Amino acid sequence: MTNDILEFKVRSGGTVTIVLDHCVECETKACVEVCQTQGGPLVLDEERGVPSLRWSLAEIERSGCVECLGCELDCELYGQQAVTITLPLERFDEYLNTLSEPVVYQKG
């Protein structure tokens, strides 16, 4: 974690990235609320007004995040679009090649 980015790995090998500069302006802190409802690792750092972690990075990677995607979705809908979750999708490109109709998809 740096001063402006909170990033942690999750059990599947994916990554959750939160741009904390956006969180300072957020009034809802929706990511923290949904994460706490799911029993996840995010808590609010009251002093800075941004999400923080309640457990060590090793504990979170081992099983501390249930990978519900709620933090990203709620931040997108009700927050400041600060959360990005990247999960490995094995054989996804292979699957796309088997489809008979094109799919709107941007690899990035």
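This is a predicted model: local features need pLDDT of at least 70, side-chain atom pairs count only at pLDDT 80 or more; totals for chains, interfaces and linings use all residues.

**Helix packing and a salt bridge**

The crossing of helix 2 and helix 4 is right-handed, in the sense that the near helix is turned clockwise from the far one by less than a right angle. Residues are numbered from 1 along each chain as its sequence is written, and side-chain values use heavy atoms, with hydrogens and water left out.

Helix 2, residues 30–37, packs against helix 4, residues 70–78, at an angle of about 145°, the axes being 8 Å apart; axes are lines fitted to C-alpha atoms over the stretch in contact, and angles run from 0 to 180 degrees between N-to-C directions. From helix 2, A30, C31 and V34 meet G70, C71, D74 and Y78 of helix 4, where contact means heavy atoms within 4.5 Å.

As for charges, the whole structure holds one salt bridge, defined as a side-chain nitrogen of Lys or Arg within 4 Å of a carboxyl oxygen of Asp or Glu. Its partners are R91 and E94, at 3.5 Å from N to O. R91 is exposed at 63% relative accessible area, and E94 is partly exposed at 45%; buried means under 20%, exposed over 50%, and partly exposed in between, with a 1.4 Å probe and protein chains only.

Finally, of the 108 residues of the protein, 32% count as buried.

How values were computed:
Helices (H or I, at least four residues) and strands (E, at least two) are DSSP runs, numbered from the N terminus.
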